Every structure is written in C-alpha cells, then in structure tokens.
Amino acid sequence: SMQYAGPGHYVMPDMLEVGNGMTYDEDKSHFSLWAMIAAPLIAGNDLRSMSDDTLEVLTNSEVIAVNQDPMGKPGRRVASNNLTEVWSRQLNDGNYAVVLLNRDQAA
C-alpha cells in the first residue's frame, strides 16, 4: 500500500510498458506517473531495438530526478474528473512535483 512506501520499501506496480506499443504521449504519461509514485524504473521493453522516442522517454533526466528524490515518498492523485487527473508529490527540498494527466483523445 502507498501509505507504507518510502526509502527502502517502494511501490512496485509491475513493469514499465514504455516502448511496448503505446503512443509516444502514452509512454510519457506512463513513465511520469511511475516516477510520481516512486516505483522502481525497470525497463520492460527490448533495449536492443527501442526507438529514439522510447529512449528519450526512458532517459528524461527531470522525470528520473523526481523518481529518485531522496524523500522517497510517493505522490498521490489530488484531483480528478472524467478526463483529467492532477498528481502531486512532495520532494526532499520542500518543493512539489505535479503531473497533469489528460485522458482525452484531443490535446
């Protein structure tokens, strides 16, 4: 459960699906949410044949920095409606990381 997550005991939702058939935007969303919940970043795609877009998503240093923040506290969904969600995660320096997730087909 998320309430017990923190340094040394992290949420493990399964494997990252980045590069396994989702769109570029879906890959970015998936990776960003993974980082927000402080889940281990273990690539679940074939590293030998990944696209440049997949490499870009998996090596995004800003998203990785959120994931690796030393506080280790997972983020949580703070608002949602049918098409959008807002996630927030407190960081070690007192700042917050925020994800705005748009589930609509149109941007």
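Tyr96 sits in strand β3, where strands (E, at least two residues) and helices (H or I, at least four) are DSSP runs numbered from the N terminus. The model is a predicted one, so to speak of its parts a few ground rules apply: local features need pLDDT of at least 70, side-chain atom pairs count only at pLDDT 80 or more, and totals for chains, interfaces and linings use all residues. Residues are numbered from 1 along each chain as its sequence is written, and side-chain values use heavy atoms, with hydrogens and water left out.With a relative accessibility of 51%, Tyr96 counts as exposed; on this scale exposed means over 50% relative accessible area, buried means under 20%, and partly exposed is in between (1.4 Å probe, protein chains only).

Leaving aside residues up to four places away in sequence, Leu101 touches Ser29, Leu33, Leu83, Thr84 and Glu85, a contact being heavy atoms within 4.5 Å. Leu101 and His30 are 71 residues apart in sequence, yet their C-alpha atoms are 9.8 Å apart in space.

Zooming out, 3 strands form an open sheet in the order β1-β2-β3, with antiparallel pairing; two strands pair if DSSP finds at least two bridges between them. Strands β1 (76–80) and β3 (96–102) stand at the edges with a single partner strand each, so one side of each has no neighbour in the sheet. From one strand to the next, the twist averages 25°. Between β1 and β2 there are 4 bridges, and Ser80 has Glu85 as its bridge partner in β2. The hairpin made by β1 and β2 has 3 residues between them. Strand β2 (residues 84–90) is joined to β3 by 7 bridges, with Val98 in β3 as the bridge partner of Ser88.

Helix α1 (residues 24–36) lies across β2 and β3, running at about 145° to β3. For such angles, axes are lines fitted to C-alpha atoms (for helices, over the stretch in contact), and values run from 0 to 180 degrees between N-to-C directions.

What about charges? A search of the whole structure finds 4 salt bridges, each being a side-chain nitrogen of Lys or Arg within 4 Å of a carboxyl oxygen of Asp or Glu. One of them links Asp25 with Lys28, the closest N and O atoms being 3.5 Å apart. Both residues lie in helix α1, 3 residues apart, or about one turn of the helix. Asp25 is partly exposed at 48% relative accessible area, and Lys28 is partly exposed at 35%.

Glu85 is buried, at 7% relative accessibility, and forms a salt bridge with Arg77, with 3.5 Å between the closest N and O atoms. Arg77 itself is partly exposed, at 46%. Arg103 also forms a salt bridge with Glu85, the closest N and O atoms being 2.9 Å apart. Arg103 lies in the segment after β3 and Glu85 in strand β2, so this pair ties together parts that are 18 residues apart in sequence. Through shared partners, salt bridges join Arg77, Glu85 and Arg103 into one network.
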